[in-house]
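Let's walk through this model together, going from one part of the chain to another. Please keep the sequence and the 3D view side by side as you read.

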Amino acid sequence: MLNLDVLLKKNYPKWLNENERPPLSVDIVKKFVLPHIQNNEKTCLLVIDNLRLDQWLVVEPLLREYFKIERNYYFSILPTATPYSRNSIFSGLFPSEIEKELPELWKTSDEDDVSLNRHEQELLEKQLERLGIQLKPGLKYAKILEIQESRNFARKIHEYADSPLSAVVLNFVDILAHTRSSSDLIKEMIPNEAAFRSMTVSWFQHSPIFGALKHLAQNGNKVIITSDHGSIRGLHGTKVIGDRETSTSLRYKYGKNLKANNKHAIILKNPLDYKLPVRNINTNYLIAKDDYYFVYPTNYHYYLNYYADSFQHGGVSMEEMIMPVITLGT
């Protein structure tokens with residue numbers, strides 16, 4: 001396995017403060033979406049939550065009949081988790097910058113994806129303002145969490161096709177990954193990454209989203225498809241020490257004086273160096289390496305087995321960090 005954490009510990013803090021760097025989450029709109037808006041092309045940004053690069057590669061051939069496809073790549077910021085990576089895509093800001101400049105949009109300590117990602121439309125509108133973009137009519141935005149919402153979006157696709165910029169968040173892949181953790185049936189259907197790829201392409205081929213994309217192709221729209229982060233199968237547990245206020249995620253933690261085996265985790269003692277919020281004077285972050293996941297010493301073996309072989313995100317791995325950015329044109 002590529003020792004990605006060594007590369008990141010040396011280069012990642014530099015990337016956060018340099019213009020000459022690989023594209024990061026904060027660069028998606030400015031680098032891949034803005035040029036089409038400035039060229040007066042009607043554009044749709046589609047963010048598929050938790051879609052891995054290998055999953056996209058099996059979906060991509062379905063679209064070749066309808067679009068010319070340009071594939072690029074970017075690195076998701078750390079932690080590779082929705083509240084951080086997706087908010088940074090929509091805002092164009094790093095998490096510590098969002099908390100400082102837009103505290104009303106980052107005011108909760110709750111880790112729940114829904115609560116921390118309620119403001120994506122506002123974050124994108126503010127980013128467009130900073131970039132000097134005025135849309136007439138304004139931004140069209142949709143978040144799709146359920147199958148009925150997917151059908152409703154497809155029925156109204158002409159409204160999005162006529163907008164100068166539309167942004168759509170699609171959560172199916174993330175929901176499927178999380179459901180697998182708690183469902184023996186889904187785990188039987190998706191025993192490994194190959195099965196997950198097969199399930200993803202089958203879903204996409206028969207989903208209303210595929211039909212909606214065909215309509216956008218017929219309308220001549222530009223479509224930018226990306227993901228906020230990927231996921232990895234957690235196959236090895238590692239002990240973590242923290243207090244009751246420590247965050248609950250399995251692949252990353254923040255809290256007071258957290259401790260873990262440094263062979264299994266990157267310890268961020270100064271979060272601001274990584275442009276992460278500092279919640280109190282003793283806050284530090286732990287980012288899991290490779291395929292490790294964090295388990296507390298209390299009932300260690302129970303939770304070690306409970307979370308084993310589940311798809312997780314938030315840590316450092318190629319599967320979580322290296323994301324596709326796809327430009328579809330006609």
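Are E120 and R86 buried or exposed? Both E120 and R86 are buried, where buried stands for under 20% relative accessible area, exposed for over 50%, and partly exposed for anything in between (1.4 Å probe, protein chains only). Before going further, a word on what you are looking at: this is a predicted model, in which local features need pLDDT of at least 70 and side-chain atom pairs count only at pLDDT 80 or more, while totals for chains, interfaces and linings use all residues. Residues are numbered from 1 along each chain as its sequence is written, and side-chain values use heavy atoms, with hydrogens and water left out.

Back to our pair. E120 and R86 form a salt bridge, with their closest N and O atoms 2.6 Å apart; the term stands for a side-chain nitrogen of Lys or Arg within 4 Å of a carboxyl oxygen of Asp or Glu. Helices (H or I, at least four residues) and strands (E, at least two) are DSSP runs, numbered from the N terminus. E120 and R86 also belong to a network of salt bridges that links them with D49, K143 and D228.

Setting aside neighbours within four places in sequence, Q121 is in contact with L139 and Y141. Just after α7, G132 takes a positive phi of about 75°.

Helix α10 (residues 172–182) can be read in a similar manner. V173, D174, L176, A177 and R180 are its buried residues. Their arc around the axis is only 165°, which puts them on the same side of α10.

Now for some backbone details. Most residues other than glycine have a negative phi, and most peptide bonds are trans. A cis peptide bond joins L78 and P79, with omega about -10°, and P79 lies in the loop between β2 (68–75) and α4. N257, not a glycine, has a positive phi of about 50°; its place is the loop between β8 (252–256) and β9. N299, another residue other than glycine, has phi near 55° and is located in the loop between β12 (292–295) and α14. N299 counts as exposed because its relative accessibility is 52%.

How many salt bridges does the structure hold? There are 15. One of them pairs K275 with E97, the closest N and O atoms being 3.6 Å apart. This pair spans 178 residues, from E97 in helix α5 to K275 in the loop between β10 and β11 (283–288). K275 counts as buried because its relative accessibility is 14%, whereas E97, at 22%, is partly exposed. In another salt bridge, the side chains of R52 and D54 meet at 2.9 Å, N to O, and R52 is buried at 6% relative accessibility.

Finally, look at H264, in the loop between β9 (259–260) and β10 (265–268). H264 counts as buried because its relative accessible area is 16%. Its side chain makes a polar contact of 2.8 Å with the side chain of T238 and another of 3.3 Å with that of Y292. A polar contact is a pair of N or O atoms within 3.5 Å; within protein, one must be able to donate a hydrogen and the other to accept it, and residues adjacent in sequence count only if both atoms are side-chain atoms.

How values were computed
Arc of directions from axis to C-beta. Contact = heavy atoms within 4.5 Å.
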